[in-house]
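This report goes through a set of contacts and surface features in the structure shown below.

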Amino acid sequence: MVLLALGPSLVGARVFASSDLVLSYAPWSASQPATAKPDNPCVSDPADGFIPAAAEFRRELLKGDVAQWDSLASGGAPLGAVPSNAVWSPLSLPFLALPTWLAPAWVKLLEMMVSIGGTFLLLRRLRLARAPAVLGGLIYTTSGFMISWTNWPQTRTAAFVPVFLWSLERLVQLRTARAIVPVAVAVAGLLLGGFPSVTGYAMYLGAPYLIFRVLQSRERPVRTMTFGGIGVVLGALVVAFQLLPFAGQVAGLDLSVRHQVPAQHLPLLSLVTAALPNAFGNCPDRNYVGPLNQIEINAYIGSAVLVLVVVALLRRRRAESPAGVRGFFAVAALITVVLGWVGGPALKLAQHLPVFSNNPVGRIRVILALCLAVLAAMGYDALLRAREDKRDRRWWLEVAVWAGLAVVAALVVTRLRNNLRPTEHLAVSDRQTLYAGIATAVVLVAVFLARTRLHRMAVAVIPVVVVGQALNAVLPFWPQIPKHDFYPTTAQHAYLAAHLDHERFQGLGFAMFPGTNVYYGLRSLGGHAFTATTWKDMMVAADPMAFRTPTFSTLDPRPETITS
């Protein structure tokens, strides 16, 4: 999986970044064929924000300066002082140690190691066998959130969510003061990742998990929960050098545009992407016809994985595993679906809480992915024990459940086809549905053969199908571009570098692609940053159309709109 998805970029044959999207704009476009297209035009924030910020931090560090401030874009913005660009995250280390063009692939490799390893450790603590624990980690690291937000700090934060749950489970089992340390390390990793909503959702999952497991164990509950709280506080104190300036920055920003209402949730039909990641099209293929955008709705987990989730709910749990944990993750997954895709009174109530009040709730699908990965691992663990477990012979119940789920799946596919009928994407979606149906059928056959003499072959087929489906979701979306397309230097960049000095420049519209100037070390008027209110007011007074989004500014390509 890792070799196929990252191999060329790890050895420098390709670059694991979407920076080639600048080639569609002046001045780069002047030297490009008219037919040239970026590998993935949807992944823009890393190209005009996060990768340039990492390059600037590294450039200043090599000069001996730990850059707390970036003076280049949009009047200047905090750089190393706040976690927004994740420059202090341990998973960002490749950006400091390697050339910027090579670093993104190694950052992703570290993410996969931490997310797979954290899930593995959690599942082993829950007494699952090694193979299901590895499979659970692979499922989580190739889930929709981890695929679509790659190259953003979002996935560097999400990689620590299973590590956080593992540290809490370890604390419950050991109940020692030393068990506080992994909790603090996991919390520090979450906070340094620079994406507060994922950190918040992890806390909303971890707190009830700790309470549930402590009450279940009935051993020193007050002591264990106190240790858990100390671990969280200690982790926050370790990264206070980031949190305190961040609090000051937030106090000076206008965040009213981020206020959420109960109607702002993902469309329920978009949940079909859990089985069909490209149900509404694929951004790299330029045929996306779905709601919002593919990055925001992708909830992929895989149809084969969903079969394993159902197996986990139908089969008996491993005797050594803690009772009730399977039910906890099932309930957590259900609550996540209600909040993220159904909305209503539950979401309205949640939006009175921090994180939910000012962050799009769709990002909560990272929690759904982890819950389903844990349940799928439990299902695969049950299949490994299928021949030895003589207690489980409720085959008639399983047949009835699968028949009922087949009817539900048929209704969902019908709804999806009706939704896509007015578009040209219906035939492509039907083909994907067929492939997912075949994979599901193969895994279902393996589930029932797991109780026969063909047990070994049956359980060996399932991970192959899971990995195959994951690669089908990953490979079309993750960018792999030629090295010469990684921020090429044009004559215009060379001219500005020689003559700009301490002044600022600005292209009209997307000329010079605002935000990428940071990579080249050039100061600009606008860019991609959390812009200070004073600078924002000045730009809007000069050009009312200056801000395309709350964090992306340029000058309108029609000069008559500029009043100053």
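A salt bridge is a side-chain nitrogen of Lys or Arg within 4 Å of a carboxyl oxygen of Asp or Glu. By that rule, a search of the whole structure finds 13 salt bridges. The model is predicted, so local features need pLDDT of at least 70 and side-chain atom pairs count only at pLDDT 80 or more, while totals for chains, interfaces and linings use all residues. Residues are numbered from 1 along each chain as its sequence is written, and side-chain values use heavy atoms, with hydrogens and water left out.

**Salt bridges**

| Residues | N to O distance |
|---|---|
| R213 and E169 | 2.7 Å |
| R175 and E219 | 2.8 Å |
| E320 and R318 | 3.8 Å |

R213 forms a salt bridge with E169. R213 lies in helix α10 (residues 196-217) and E169 in helix α8 (residues 161-174), so this pair ties together parts that are 44 residues apart in sequence. Helices, here and below, are DSSP runs of H or I with at least four residues, and strands are runs of E with at least two; both are numbered from the N terminus. Burial is described by relative accessible area: buried means under 20%, exposed over 50%, and partly exposed in between, with a 1.4 Å probe and protein chains only. R213 is buried because its relative accessible area is 7%, and E169 is buried because its value is 0%.

The side chains of R175 and E219 also meet in a salt bridge. R175 is in the loop between α8 and α9 (180-192) and E219 is in the loop between α10 and α11, so the pair ties together parts that are 44 residues apart in sequence. R175 has 18% relative accessibility and therefore counts as buried, whereas E219, at 40%, counts as partly exposed.

E320 is exposed because its relative accessible area is 51%; R318, with 16%, is buried. Salt bridges that share partners join R318, E320, D381 and R385 into one network.

**Aromatic contacts**

Rings of Phe, Tyr and Trp (its six-membered ring) pair if their centres lie within 6.5 Å; planes under 30 degrees apart count as stacked, over 60 as edge-to-face and the rest as tilted. The count comes to 22 aromatic pairs. One of them is the tilted pair of Y204 and F356, at 5.3 Å centre to centre and with 45° between the planes. This pair links distant parts of the chain, with Y204 in helix α10 and F356 in the loop between α16 (345-350) and α17 (365-384), 152 residues apart. Y204 is partly exposed, with a relative accessible area of 34%, and F356 counts as buried at 6% relative accessibility.

Which kind of pair do the rings of Y487 and Y519 form? Their centres are 4.2 Å apart and their planes are at 20°, so the pair is stacked. Y487 lies in the loop between α20 (455-474) and α21 (491-499) and Y519 in helix α22 (residues 517-520), so the pair ties together parts that are 32 residues apart in sequence. Y487 is buried, with a relative accessible area of 3%. W28, F486, Y487, Y519 and Y520 form one aromatic cluster.

Some rings have a charge over them, meaning that NZ of Lys or CZ of Arg is within 6 Å of the ring centre and within 35 degrees of the ring normal. K483 lies over the face of W101, at 4.0 Å from the ring centre. The charged end of K536 sits over the ring of F547, 5.3 Å from its centre.

**A sheet of strands**

Two strands pair if DSSP finds at least two bridges between them. An open sheet is formed by 3 strands in the order β3-β5-β4, with antiparallel pairing. At the edges stand β3 (527-528) and β4 (547-549), each with a single partner strand, so one side of each is left without a neighbour in the sheet. Strand β5 (residues 552-553) is joined to β3 by 2 bridges, and the two run antiparallel. H528 stands opposite F552 in β5.

**A surface patch**

Patches are made of residues with over 30% relative accessible area and no salt bridge; like charges are joined within 9 Å, and nonpolar side chains (Val, Leu, Ile, Met, Phe, Trp, Tyr) within 5 Å. Accessible areas come from the Shrake-Rupley method with a 1.4 Å probe, and for residues only the protein chains shown count as cover. I230, V233, L234, L237 and V238 form a nonpolar patch on the surface, with about 440 Å² of accessible area together. I230 is found in helix α11 (residues 221-238) and counts as partly exposed at 39% relative accessibility.
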